[in-house]
Amino acid sequence: MAVDSYIKKMFGEKSSQFADAKVLLVGAGGIGCELLKDLIMMNIGEIHVLDLDTIDLSNLNRQFLFRHKDIKQSKSKTAIAAVEFFNYKSKLYAYHGSVLDTNLFPLSFFKQFNIIYNALDNLEARFYMNRMCLYLNIPLYESGTTGLKGQVQPIYPYLTECFSCVPKETPKTFPVCTIRSTPSKPVHCITWAKDFLFSQLFSNEDTNTQEIDASEFTNEEEAEASKKEVNELADLKKIIANEGDNEIVIKIFEKIFIADIERLLKIEELWKSREKPSFEQIKDYDHFFKDINKEYLTTCKDQSTLEEILKTFASSLLRLTDRFKNNENIEFDKDDEDTLFFVMSASNIRSLIFNIPTKNEFDVKQIAGNIIPAVATTNAIMAGFSALSSVNYFLENDNINRVVKSKMVFDSSSTDKVVNSSKLIKPNPSCSACSIVKGIITIDLSSTTLGQLRDKLIEKYNYGDDVEIMTLDSRLLYDFDLEDNLEEKLTNFINDQTVLLINDSDEKFDLIELYVLNSQNSEIILPELNIPLKKIKPSENENDENDDDDKLLVDNEENNDIKVTVSLDDDDDLVEEQPPMKKRKF
Amino acid sequence: MSRDLRTERIQQERKQWRKDHPFGFYAKPTKKSDGSLDLHNWTAGIPGKQGTIWENATYPLTISFPEDYPAKPPKIKFPPAFYHPNVYPSGTICLSILNEEQDWRPAINIKSLLLGIQELLDTPNPNSPAQEPAWKAFSKSPEEYQKKVKLQAQQYKDKV
């Protein structure tokens, strides 16, 4: 076969291992589709593809295994069907379901794989897969892209940094008072228009005046003003239902853009260190509301003049009002023009009042729709690197010291290189996932009491005094001050696949984490664990000098790992660039 | 993400509190229906100081620890409509040590927070009114204020 000999030529004799490998691909989306193709071309023995999603129109510009006729079909199943005509030997299996579902995918499901590839789009599933791979000690290839940026990180459990070792940025939220009283950026106005104004006016849930958490406001006048706004908006809903078109537009406009702002202006406190909102830029508004045309937004989509913004506001407001009167349940949808243009024009009017730059349709769509730009080429490149990184593991897996010498790949911030690489880093000693000793406990939950489990733990691990038993979601089941539960059967508190955290009361030993597998066997089987003593005030790099592990990743002069640096010019030097995150010394 | 700092700290607080807490106070995690304890949500009680109009009663509070505790302060609330000039109608307490932008420091423990709130009971801060009825009475008609506070003390009277 041409493919076989080609692979042999590229990767040598050891590449025959590819055919014996059984791998899991988590996610069949942008990166997943590309990665599936790459793995097939490597002649991997068995590829299992897992995805919970169905195909959407907006996927088709980059997920090339899908066609228009596949819309609404399962991604994983469609993906493996689409590659059928490839000339390949791999056995393919598709699973439609959430990777977090422990009924569909218990720990034992993941155990069968040699390698796991993440091609996910969310943090929760990434953290989860990271944890599973730590329990089972399976190499994990983590990948992700945003626009033109991307990253591949091979994770070799306990040898290199895991996905939880470095803090991840969580999506930004804004304080209520910034959104409601003191916006200073376009995104504040867009959030106000979409999450507050739009949902108050058109959401069909009974306008249950959400209680405003007063503590979020720095001063009580402000909280009061905000509460009034909400109540009056509820009244506006009645206007929408009963009045004629012109009255609706004028009344709503004057309420939200004049009266509410005047109320804010009265609170002197707010404007001591801020620019006051002003009506200067919108003062001629009534002039533009003289003849309102509902079709306006279908003809004019520009938003550069006050006239265009105001007429778009009037037109989209009335179109939504008509739909609302027909009892339609309207939700904001970036692809629903009426809702998008309403949010855009309302946020732009607010921006004019607060002297904030206005935004065009494309920007508003992106911000309000939470769109993370996806570029097919970036996905393809990162999928390629993910597959290549794993090649390194196949070729070197008889020598783990070499494996951990592989590299992480990420986009480059310098101008002459498109892609860059960096050495893998040692695990973070205080990582919430991989620094905690883990094991699997097999136990009959329906016949064992919490007390029996406690006694067994103390006996097995030589805890001097007593233990604390907690679940991963911070429920405390037992400690010396909570003895009521000791006689209860474990089924009352935990299930198969629950994670338990065990601490000793003396605080001598470090925390351990036990993954619960339910069994019919009455005997409690605890894992053999080497529980480290508790670190006294972890001063991180204390023993760096004489740490034996240091040998692991030094001398990388003779570089046997795959070179992943792609260069725009013909410069072959491997430039080590710091990845965009804190780096720990190996 | 380093270890779950929130839970670790809450367990520490719990141990500290058991070793040493001021007389008449209580603070503990709430019990879930399965008998386990919810470490992120506590209930607490503060006794009114003897010799003040708040005496002979224990005032209930809820404490919830946000995800980024102890970087952010816990949310401590009296029951809704609690009568005090510095308590919002929702029960939220207006006190600088509970405010992230003011005097909250991660080193402040539950004990000092509760002692601070006890102090606030009888010495309201006239500069940060949080509700109208109690604030108005406090600043304009002390007699009415005292009457209302004592009535509330009856409601939360200590069972002897």
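1. Glu144(B) is partly exposed, at a relative accessible area of 38%. Its salt-bridge partner is Lys148(B), with the closest N and O atoms 3.3 Å apart. Lys148(B) is likewise partly exposed, at 37%. Both residues belong to helix α4 (residues 142-155) of chain B, and because they are four residues apart, about one helical turn separates them. The model in which this pair is seen is a predicted one.

2. A network of salt bridges with shared partners is found in chain A. Glu295(A), Arg319(A), Arg323(A), Glu328(A), Asp336(A) and Asp338(A) are joined in it. Over all chains, the rule gives 33 salt bridges.

3. Another salt bridge within chain A joins the side chains of Arg126(A) and Glu142(A), at 2.6 Å from N to O. Arg126(A) sits in helix α5 (residues 123-136) and Glu142(A) in strand β5 of chain A, so the pair links parts that are 16 residues apart in sequence. Arg126(A) is buried, with a relative accessible area of 11%, and Glu142(A) is buried too, with a value of 6%.

4. Strand β4 (residues 115-118) of chain A runs parallel to β5(A) and is joined to it by two bridges. In this pairing, Ile116(A) is opposite Leu140(A).

5. Lys255(A) is buried, with a relative accessible area of 8%. Leaving aside residues up to four places away in sequence, Lys255(A) touches Glu229(A), Glu232(A), Leu233(A), Leu236(A) and Asp260(A).

6. For chain A as a whole, the model has 17 helices and 13 strands. Of the 586 residues in chain A, 53% are buried. Among contacts in chain A with a separation of 6 or more, 69% are between residues 24 or more positions apart.

7. The interface comes next. Chain A contributes 35 residues to the contact and chain B contributes 24 residues. About 2400 Å² is buried between chain A and chain B, and carbon and sulfur atoms give 46% of this area.

8. On the side of chain A that touches chain B, the elements giving two or more residues are β10 (467-471) and β11 (475-478). Of the elements, β11(A) gives the most, with three residues. That side of chain A has 14 nonpolar, nine polar and 12 charged residues.

9. Five salt bridges are found across the interface of chain A and chain B. One of them joins the side chains of Asp479(A) and Arg14(B), at 2.5 Å from N to O. Asp34(B) also forms a salt bridge with Arg475(A), their closest N and O atoms being 2.8 Å apart. Asp34(B) lies in the loop between β1 (26-31) and β2 of chain B, and Arg475(A) in strand β11 of chain A, so this pair joins two chains. Asp34(B) is partly exposed, at 24%, whereas Arg475(A) counts as buried, at 11% relative accessibility.

10. Strand pairing also spans the two chains. β11(A) pairs with strand β2 (residues 37-47) of chain B in the antiparallel sense, over two bridges. Leu476(A) is opposite Leu37(B) in β2(B).

Technical notes:
Residues are numbered from 1 along each chain as its sequence is written. Chains are lettered from A and ligands numbered from 1 in the order in which they are written. This is a predicted model: local features need pLDDT of at least 70, side-chain atom pairs count only at pLDDT 80 or more; totals for chains, interfaces and linings use all residues. Side-chain values use heavy atoms; hydrogens and water are left out. Contact means heavy atoms within 4.5 Å. Buried area is the accessible area (1.4 Å probe) that two parts lose on being put together, summed over both. A salt bridge is a side-chain nitrogen of Lys or Arg within 4 Å of a carboxyl oxygen of Asp or Glu. Ala, Val, Leu, Ile, Met, Phe, Trp, Tyr, Cys and Pro count as nonpolar, Asp, Glu, Lys and Arg as charged, and the others, Gly among them, as polar. Two strands pair if DSSP finds at least two bridges between them. Buried means under 20% relative accessible area, exposed over 50%, partly exposed in between (1.4 Å probe, protein chains only).
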